[in-house]
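I set out to record, entry by entry, what I looked up in this structure. The notes follow in the order in which I made them.

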Amino acid sequence: MRKTTLSLVLAVVTGFTAIASNPVENDKKIVKASESSVTWKGYKVTGSHYGVIDLKEGALIFNDDKLVGGEFVVDMTTLVSHDLEGEYKGKLENHLKSDDFFGVDKHATSNLVFTKVTATGKNSYEVIGNLTIKGKTNPITFNLSVYGSKATATMKVDRSLYDVKFGSGSFFDNLGDKTIYDEFDLVVDLEF
C-alpha cells in the first residue's frame, strides 16, 4: 500500500513538474498598423470635432486563443481633423498639436500597455491598461472585442489627467460657450 501511495505521489509531482516546465506559450500577434485605424472625437459646448491618428505599432497577446495582453504606440504627429477644410482645418490641427493640447514636438508618441484582461464573453474582454499621453501615465478601463484577425475597442479618455488643460472647465472659470469638455472618445479598429 505504501509503495502504491508513494508511486502515485511521485507520478503526480512528476506530472506537475512536466506541466510547469512546459507552459503554454503566449502568441504575440503584431497589428498591421497601415490596415488599422484610430478615430478620435472631441466635444465642446457648441459642437464637436473628429478625425484620425495613425497607429505606429502594436501587438495583441493571446494564450490558448484568449486575449491576455497588448501594447500600442500612436504617432501623435499624424493627428488630423476630418470635419473641417481649408484654413480652419489647418488651424485646428496645429492647435491640437501645440502645447495647449498634446505638445507633439516634445511628445511625438502616446502609448497604451494592457495590465489586466478579463474575459466578459466569448469574444469580449474588459481591459485595464496604462495610457501615457504627454509623458503622464494613468490607468484606463475599456471594452475590447476580438473576431478572427480583427479587434475593436471604444474608450473615453479624460484629457485633464494628462495635463491637456486648454478650454477645460476643470481648470478655468467663466469659459461659457468656449468650454471644451474633458472627455474625448477613441474608436480603435485593429487588424492583425
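**Entry 1: Asp-163**

I looked up Asp-163 and found it in contact (heavy atoms within 4.5 Å) with Lys-134 and Lys-136, leaving aside its neighbours within four places in sequence. I note that this is a predicted model, in which local features need pLDDT of at least 70 and side-chain atom pairs count only at pLDDT 80 or more, while totals for chains, interfaces and linings use all residues. Residues are numbered from 1 along each chain as its sequence is written, and side-chain values use heavy atoms, with hydrogens and water left out.

I placed Asp-163 in the loop between strand 8 and strand 9; helices (H or I, at least four residues) and strands (E, at least two) are DSSP runs, numbered from the N terminus. At 32% relative accessibility, Asp-163 is partly exposed. On this scale buried means under 20% relative accessible area, exposed over 50%, and partly exposed in between, with a 1.4 Å probe and protein chains only.

The side chain of Asp-163 makes a polar contact with the side chain of Lys-165 at 3.5 Å. I take a polar contact as a pair of N or O atoms within 3.5 Å; within protein, one must be able to donate a hydrogen and the other to accept it, and residues adjacent in sequence count only if both atoms are side-chain atoms.

Most residues other than glycine have a negative phi. I found Asp-64 in the loop between strand 3 (47–63) and strand 4, where it is exposed at 61% relative accessibility.

**Entry 2: Ser-168**

Is Ser-168 buried or exposed? Ser-168 is buried, because its relative accessibility is 0%. This residue is found in the loop between strand 8 and strand 9. Its side chain makes a polar contact with the side chain of Asp-182 at 2.5 Å. Apart from neighbours within four places in sequence, Ser-168 is in contact with Arg-159, Leu-175, Ile-180 and Asp-182.

**Entry 3: Thr-78**

I found Thr-78 in strand 4 (residues 66–81), buried at a relative accessible area of 18%. The side chain of Thr-78 reaches the backbone oxygen of Asp-75 at 2.7 Å. Not counting residues up to four places away in sequence, Thr-78 touches Val-52, Ile-53 and Asp-54.

**Entry 4: aromatic pairs**

I counted six aromatic pairs in the structure. Rings of Phe, Tyr and Trp (its six-membered ring) pair if their centres lie within 6.5 Å; planes under 30 degrees apart count as stacked, over 60 as edge-to-face and the rest as tilted.

Phe-101 and Phe-166 form a tilted pair, 5.4 Å centre to centre with 50° between the planes. This pair links distant parts of the chain, 65 residues apart: Phe-101 is in the loop between helix 2 (86–97) and strand 5 (109–119), and Phe-166 in the loop between strand 8 (150–158) and strand 9 (180–191). Phe-101 is buried at 7%, whereas Phe-166 is partly exposed at 35% relative accessible area.

Phe-102 and Phe-184 form an edge-to-face pair, 6.1 Å centre to centre with 85° between the planes. Phe-102 lies in the loop between helix 2 and strand 5 and Phe-184 in strand 9, so the pair ties together parts 82 residues apart in sequence. Both Phe-102 and Phe-184 are buried. Ring pairs join Phe-101, Phe-102, Phe-166 and Phe-184 into a cluster.

**Entry 5: the chain and its confidence**

I recorded two helices and nine strands in the chain. Buried residues make up 34% of its 192 residues.

The mean pLDDT (the predictor's confidence in each residue, from 0 to 100) is 90, and 88% of residues reach 70 or more. Over residues 2–22 pLDDT stays under 50, and the model has zero contacts beyond four places in sequence for them. Where pLDDT is low, the predicted coordinates should not be read in detail.
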